[in-house]
Structures are given as structure tokens and as C-alpha cells.
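Okay, everyone, thanks for coming. Let me put the chain up on the screen and we'll walk through a few spots together.

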Amino acid sequence: MRKIQIAVIAFFVLSLVALGGFTIWSNLDKDETPPVLECPEDSIKVSVKDGEKALLEGLTARDDVDGDLTDAIRISSISHFAEQGKRTVEYVVFDSSNNFATCRRTVQYTDYESPRIYLDAPLRISLSELDKIDASSFMRVEDVLDGDISNKIRISFDNSVYIQEPGFYNITAQVSNSAGDTVSLPLEMNIIDSGNSEENQKYYPTLSDYVLYVKVDEAINLKTYLTGVMRGTQQYEFADDQSSVLNITSDDISIANHVDFSTPGTYTVDYSYTSPSGVTGLTKMVVVVEE
């Protein structure tokens, strides 16, 4: 029995020695040297239309065991804009032993524009349907980075106003893209009483665009945006025979221009038509003047 105990102890000691030797050998053979990721430029310029390949341009990576790892470089994160059109991109590369290297640089978009909010229809809502209709459903947003982000629109109302009668009310549409660029657009929502007899006599001018973006000192003809008139749900186009039935032309539409085209800002243009009976329908266009 004693011989068996001695043999077991000896086997255990030899196992420990062998395990220790294997561990030492494994550690000696283990690759703990990270690859080298070279980023020769601190910043690059790209177009918003360029893909991920453009963001990786100029980067190289090499490892003392795996060799060239340039094709293994990946984008690990992209920051929000630090300033308009500029953001930081961080890159990472791993070798076969899971060692890694990182670098970062600034990316500047040469043709970036902030998201743009548009109205697909005049922001005119019946008082009786105000609690059923979301004002954002009239809008869409186009973004050069993310495409259509209409589902991200948020609407806020002037907290000091309680809507209980027809009239124009101030609201603000706001949206942010994936780069953290947030834009706001002040708008006026026209609340109408669709059951009112005078309301049913109004002919509202219709436009090809209800939100217009222009550059400072850009020359535009506001009359060219007129397309027709609308009474209730019936629309009459100036180019259609129906307009001749009404005997209303674009020359009958009054245009009140409140835009200072020399100064960046958000302005309105009022298009109105007054019928022979003295009833006036008013449609507003929002004009955003940009640098």
C-alpha cells in the first residue's frame, strides 16, 4: 500500500512539473506584440457620396507574425460632428493572436449640407381633426448622409398657446441625423373650421414648394411656384381646363414677400386670393436663406 501512495505522489509531482514546463513554453511562444497601424495623414477630405472605402484610404497595417494586415483594418467608431462637416473616425486592426492597434483622424466632408425639412402639402388642418392628425405627416426630411429620415421629425408647439379656434399657430419641426446635426424649422400651422360657410368659400393658392431653400442674394421668381388654387378638397390647376371654369389665373394671386434675400434666416411669403365676395384664402411658403 505504501508503495502505491509513493507512486501516486510521484506521479502528481511529475504532472505539476510537466504542467509548469508547458506553461512556461506556451508563454515563451505566445505572440503579445500588437500590429502596427499607420495613419500618415491627420485628416482627409471626402464626399458624402463616398463609401467606407474612401474613409480607409491611405491606412496601412503590418504585423511581425501575420505580415500585411491592411485589408483587415476596420472602422470602430465615427463621432458626431465637432464642427459642421467634420467628424473623427477611429480605426482598429487585430492580428491572429487578438492583439490590436488603433488610430484616429479627422474626416471632412467637402459637400455636406444639413438635413432639410420639406412640406409635401400646406400645413392646413381642420379644428375637428386636430387630435387625429400628426403635423409631421405633412413633412419629409432629406439628409445627405442618412437619406430619408422623415420618421425622426419631432414637432413642438408654442407652450403659451392653446388651440381652440381657427387661425395660424406657430410650431417648430426639429430633426437630427446620425452625425448629431440638429436642425429646426419654424412653421405656421393653419387651423381651419371646415364646417364654417365662409371657410368653404375660400380658394387657397397651391404651390409646387411650400418650403424653399435658397442661397444669399439668389434671384428667384416667387410667382413661378404657383400651381393653382384649392377649395375644400378640390384642386384646380392653372394649366387645366378647370381653372378657366373658375376664371382664376396666377395673375389674380397676391404675393406678399417678407424675405430678406441678403441676410441668412427663415422667412415667409404669403400667397392669397380674394374672391369677388371678399373671402380670402391664404397660403404661406417658408423660405430659408442660407450662406
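How do the residues of the lining of the largest pocket divide into nonpolar, polar and charged? They come out as eight nonpolar, six polar and three charged. Here Ala, Val, Leu, Ile, Met, Phe, Trp, Tyr, Cys and Pro count as nonpolar, Asp, Glu, Lys and Arg as charged, and the others, Gly among them, as polar.

Before going on: this is a predicted model, where local features need pLDDT of at least 70, side-chain atom pairs count only at pLDDT 80 or more, and totals for chains, interfaces and linings use all residues. Residues are numbered from 1 along each chain as its sequence is written, and side-chain values use heavy atoms, with hydrogens and water left out.

Back to that pocket. A pocket is an open set of points on a 1 Å grid over the protein atoms alone, where a 1.4 Å probe fits, with protein on both sides within 12 Å along at least five of seven lines; lining residues have an atom within 4 Å of a point. Arg124, Ile192, Met230, Gly232 and Thr233 lie nearest the centre of the largest one. Strand 9, residues 124–126, gives the largest share of its lining, three residues. Strands are DSSP E runs of at least two residues, numbered from the N terminus.

Now look at strand 2, residues 43–46.

Note on methods
Buried < 20%, exposed > 50% of the residue type's maximum accessible area, 1.4 Å probe, protein only. Helix = DSSP H or I, 4+ residues; strand = E, 2+ residues; numbered from the N terminus.
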